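Reader: I would like to go through this model with you, one region at a time. Could we begin with the terms and then turn to the strands?

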Amino acid sequence: MPEPEPGTLAAAELALADDALVLSQRLGQWAGHAPVLEEEVALANIALDLLGQARTLYSGLGDEDALAFLREERAFRNCQLVEQPNGDFAATIVRQLFFSTYQELLYGQLTTHPLATKAVREVAYHRDHAEHWTLRLGDGTTESHDRTQRAVDGLWRHTGELFQPLPELDVDWSALRADWDTRVADVLTRATLRVPEGAQGHGWKAGGGRQGLHTESFGRLLAEMQHLHRSHPGATW
Amino acid sequence: MNGTDSTGGEGGATRTGGWPLWEVFVRSRRGLSHTHAGSLHAPDAEMALRNARDLYTRRSEGVSLWVVPSAAITASSPDEKDPFFEPAADKPYRHPTFYEVPEGVRNL
């Protein structure tokens with residue numbers, strides 16, 4: 001599988017596709033485990049939307065199955081935020097809030113990209129879902145408030161990476177970051193949550209996903225996802 | 001995936017006790033009226049609407065949704081069936097059968 005040349009549009013699209021695929025995989029792990037049946041459906045719905053986005057992007061780049069199942073961890077370009085373990089429900093929701101707000105703003109700017117016009121409506125729905133849950137949990141009980149604050153604090157370091165420019169995408173990255181800061185801070189404040197230090201500067205950050213450097217649990221995610229394809233290479237299914 | 005990674009939410013014990021039942025009415029894109037589609041559990045009306053959207057409309061555009069707390073619905077009692085519903089068969093003037101429907105009229 002030849003890797004797209006760094007700095008090309010194909011490399012940027014691969015990164016966006018990897019984001020969607022990996023988060024879809026994480027959300028799929030909730031199947032059968034969500035707090036209520038209705039939420040189960042919502043999470044599966046979001047996972048399916050994301051998988052659809054990943055497939056659209058992959059098929060524009062090559063063989064979608066080969067891209068998903070035959071690349072090593074170091075070849076994946078997803079941001080580290082989407083590969084973070086589900087944790088408790090609050091952590092899943094906060095991860096979704098951070099990422100869906102990013103996706104909505106990003107796709108909102110990519111007006112000429114064929115995927116973006118379809119996907120922007122999906123991700124607006126994902127953001128709305130995450131936003132409402134953030135408000136409920138943050139402004140719910142002491143327990144739900146504390147768990148949500150813990151999730152916000154824990155995932156915050158992975159948000160700076162979202163704004164590393166992906167070359168060849170027609171995006172104003174500093175505006176994207178400013179809009180993201182404003183929107184996320186607004187939701188967190190309304191949810192009675194504290195915006196972590198460094199809201200403007202993103203001073204304390206982790207990163208490297210876009211360069212193929214991932215956090216520890218990502219290898220296990222891939223091992224599970226790719227197992228069958230690697231055991232029976234070339235099979236049709 | 002091993003147990004430490006694929007969490008199902010440590011606090012995720014199912015507890016729908018505090019989640020009341022809602023009835024969902026859907027009007028499809030070309031439909032004229034809202035039809036009862038089913039019910040669901042939700043903590044409040046907003047969440048009920050969102051859940052209904054996922055469960056009963058598959059998010060197709062242009063539909064209208066109503067959600068009503070089941071407790072707000074008063075149903076007729078099966079015991080009163082006869083006096084309540086028995087049609088007045090001896091009063092044919094009550095039935096709108098003496099009119100000819102003009103051609104081309106739909107949705108009458």
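Author: A residue is called buried when its relative accessible area is under 20%. The model is a predicted one. With that cut-off, five of the seven residues of E1(B) are buried, and the strand is mostly covered.

Reader: Which sheet does E1 of chain B belong to, and in what order do the strands come?

Author: Chain B has an open sheet of three strands in the order E2-E1-E3, and the pairing is antiparallel. Strands E2 (35–41) and E3 (64–69) of chain B stand at the edges, each with a single partner strand, so one side of each lacks a neighbour in the sheet. From one strand to the next, the twist averages 25°.

Reader: How many bridges join E1 to E2 in chain B?

Author: Six bridges join strand E1 (residues 21–27) of chain B to E2(B), and the two run antiparallel. Two of the pairs can be named: B:Glu23 has B:Ser39 as its bridge partner in E2(B), and B:Val26 has B:Thr35 as its bridge partner in that strand.

Reader: And how many bridges are there between E1(B) and E3(B)?

Author: E1(B) and E3(B) pair over six bridges, in the antiparallel sense. One of the residues involved is B:Phe25, whose bridge partner in E3(B) is B:Trp66. In general, the strands of a sheet pair through backbone hydrogen bonds, in either a parallel or an antiparallel manner.

Reader: Which helix lies across these strands, and at what angle to E2(B)?

Author: Helix H1 (residues 45–57) of chain B lies across E1, E2 and E3 of chain B, and runs at about 120° to E2(B).

Reader: Why is H5(A) described as largely enclosed?

Author: Because 19 of the 21 residues of H5(A) are buried, the helix is largely enclosed by the rest of the structure.

Reader: I also noticed A:Asp18. Where is it, and is it buried or exposed?

Author: A:Asp18 lies in helix H1 (residues 9–28) of chain A. A:Asp18 has a relative accessible area of 0%, so it is buried.

Reader: What does the side chain of A:Asp18 make a polar contact with?

Author: The polar contact is with the side chain of A:Tyr58, at 2.5 Å. Setting aside residues up to four places away in sequence, A:Asp18 touches A:Tyr58, A:Arg71, A:Ala75, A:Phe76, A:Arg77 and A:Asn78.

Reader: And A:Thr159: what does its side chain reach?

Author: A:Thr159 is placed in the loop between helix H7 (142–155) and helix H8 (173–190) of chain A. Its relative accessible area is 0%, so A:Thr159 is buried. The side chain of A:Thr159 reaches the backbone oxygen of A:Trp156 at 2.6 Å.

Reader: One last residue. Which residues is A:Asp65 in contact with?

Author: A:Asp65 is in helix H3 (residues 64–69) of chain A, and is partly exposed, with a relative accessible area of 22%. Leaving aside neighbours within four places in sequence, A:Asp65 is in contact with A:Leu70, A:His229 and A:Trp237. A:His229 is 164 residues from A:Asp65 along the chain, and their C-alpha atoms are separated by 8.7 Å.

How values were computed: Residues numbered from 1 in each chain as written. Chains lettered and ligands numbered in written order. Predicted model: local features only at pLDDT ≥ 70, side-chain atom pairs only at ≥ 80, totals over all residues. Heavy atoms only, no water. Helix = DSSP H or I, 4+ residues; strand = E, 2+ residues; numbered from the N terminus. Buried < 20%, exposed > 50% of the residue type's maximum accessible area, 1.4 Å probe, protein only. Polar contact = N/O pair within 3.5 Å; in protein donor to acceptor, adjacent residues only side chain to side chain. Contact = heavy atoms within 4.5 Å. Pairing = 2+ DSSP bridges. Axes fitted to C-alpha atoms, helices over the stretch in contact; angles between N-to-C directions.
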